[in-house]
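Here's a quick briefing on how a few pieces of this fold sit against one another. Have a look at the structure first, then we'll go through a helix pair and a sheet.

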Amino acid sequence: MTTKKQIAKIIKRTIPSLEERGVTTKDVLQKAQSVNNDEFYTRYEDVEKELKMYPKSIWKNKVVFCNCDDAVNSTDRNTSAFALYFLTKFNELGLKKLICTHYAGKVDLFNQGPKGYIFTKFGFNEMDTKKEYPKNYTGSFDDPLSLKILNEDADIVCTNPPFSRAIDYWRILIESGKRFIIISNITNPITPAFIPYFMKGKVWAGYHEVDWFLTPKREMTRAAGYWYTNVPIKNRPKYKQLKIIPLKEIPEENKQYDDHKVLLVKKCYIPSDYKKPFAVSARAILNGLLEKGYEIVKDNQYFPYVNGKKCFGRVLVKKM
Ligand SMILES: C[S@@+](CC[C@H](N)C(=O)[O-])C[C@H]1O[C@@H](n2cnc3c(N)ncnc32)[C@H](O)[C@@H]1O
């Protein structure tokens, strides 16, 4: 098994110094100050906590593609936790290959450039983007080379993509038909661009919420993330949080009708005997309601009005 120490050695061996990259520490700090909300890095413990929930068999002899991940940064602290996880567990999971590509956008702190690394059990090599692929490879997930890897090589995609490109990212990933386990915003189940995917059963929640991320300076920062996947989940522990009971047994304070006489339920109370559509929050979907005989009936957000006052958005669901 590759240990974190061994990985750190690989990283050190392959990393050019700041001088070799033509940047100073001051340049790095200036870039770090201008980073946008996309620069939230996933903590190793969050990757581990989620991925260990899936059966090991899903990884066996598979090509994992981390398409928003710097696999080889100056220290293992700066290296993507996804890359570190798969490198550490490479043999244990029986992976065939790990491919990590890194975006050289405006926040390329260390002038790493667009890079890609391919790891197999025989070792690793840097993708020779100049030789094999178009000159202007950006490392972006929607670059032709990244799409080629996604569509032709990858079996499972695993990453935390940029929040600002989530709509495009989900479209490309879901159209590829590949398996995935990714992080995105906790509100996706009630966000118009994503609701159709939940409605059509193309995606569902993973196991955990992700509340803490790291900034480029490796300080903890809060953000509302959640894991999403299309890998089958059996016996989701969060089913326990759904309270599916007859409507009359739902406490009064957790049910009400809006100005259009649509039933709204709170705190994951779900009527077991109600035939009409009713509105739920993202939490009910995240806890697996769609696996319990309920379906989304409108592919858009539903904003209830109560006494003329607009309430927060939800989705309309119905018992099948
Ligand atoms: C939310 S961060 C997560 C980084 C890393 N995947 C992790 O989990 O720690 C998203 C990363 O995607 C990078 N990024 C931005 N635009 C991108 C693009 N078009 N293609 C690939 N990566 C991109 C950002 O620079 C940022 O480092």
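Before we get to the sheet, one bit of bookkeeping: two strands count as paired if DSSP finds at least two bridges between them. Keep in mind that this is a predicted model.

- Strand β13 (residues 278-280) and strand β17 (residues 315-319) run antiparallel, and 3 bridges join them.
- If you want a residue pair to click on, F278 has V317 in β17 as its bridge partner.

**The helix pair: α4 and α5**
- Helix α4 covers residues 44-51 and helix α5 covers residues 81-88; their axes come within 9 Å and cross at roughly 55°.
- That makes α4 and α5 oblique to each other.
- The crossing of α4 past α5 is right-handed.

**What touches what between the helices**
- On the α4 side, the contact residues are Y44, V47, E48 and L51.
- They meet A81, F82, L84 and Y85 on the α5 side.
- Sorted by class, this contact of α4 with α5 comes out as 7 nonpolar residues, 1 charged and no polar ones.

Technical notes:
Residues are numbered from 1 along each chain as its sequence is written. This is a predicted model: local features need pLDDT of at least 70, side-chain atom pairs count only at pLDDT 80 or more; totals for chains, interfaces and linings use all residues. Axes are lines fitted to C-alpha atoms, for helices over the stretch in contact, and angles run from 0 to 180 degrees between N-to-C directions. Helices (H or I, at least four residues) and strands (E, at least two) are DSSP runs, numbered from the N terminus. Angles under 35 degrees count as roughly parallel, over 145 as roughly antiparallel, 65 to 115 as roughly perpendicular and the rest as oblique. A crossing is left-handed if the near helix is turned anticlockwise from the far one by less than a right angle, and right-handed if clockwise. Two residues are in contact if their C-beta atoms, placed from the backbone, lie within 7 Å. Ala, Val, Leu, Ile, Met, Phe, Trp, Tyr, Cys and Pro count as nonpolar, Asp, Glu, Lys and Arg as charged, and the others, Gly among them, as polar.
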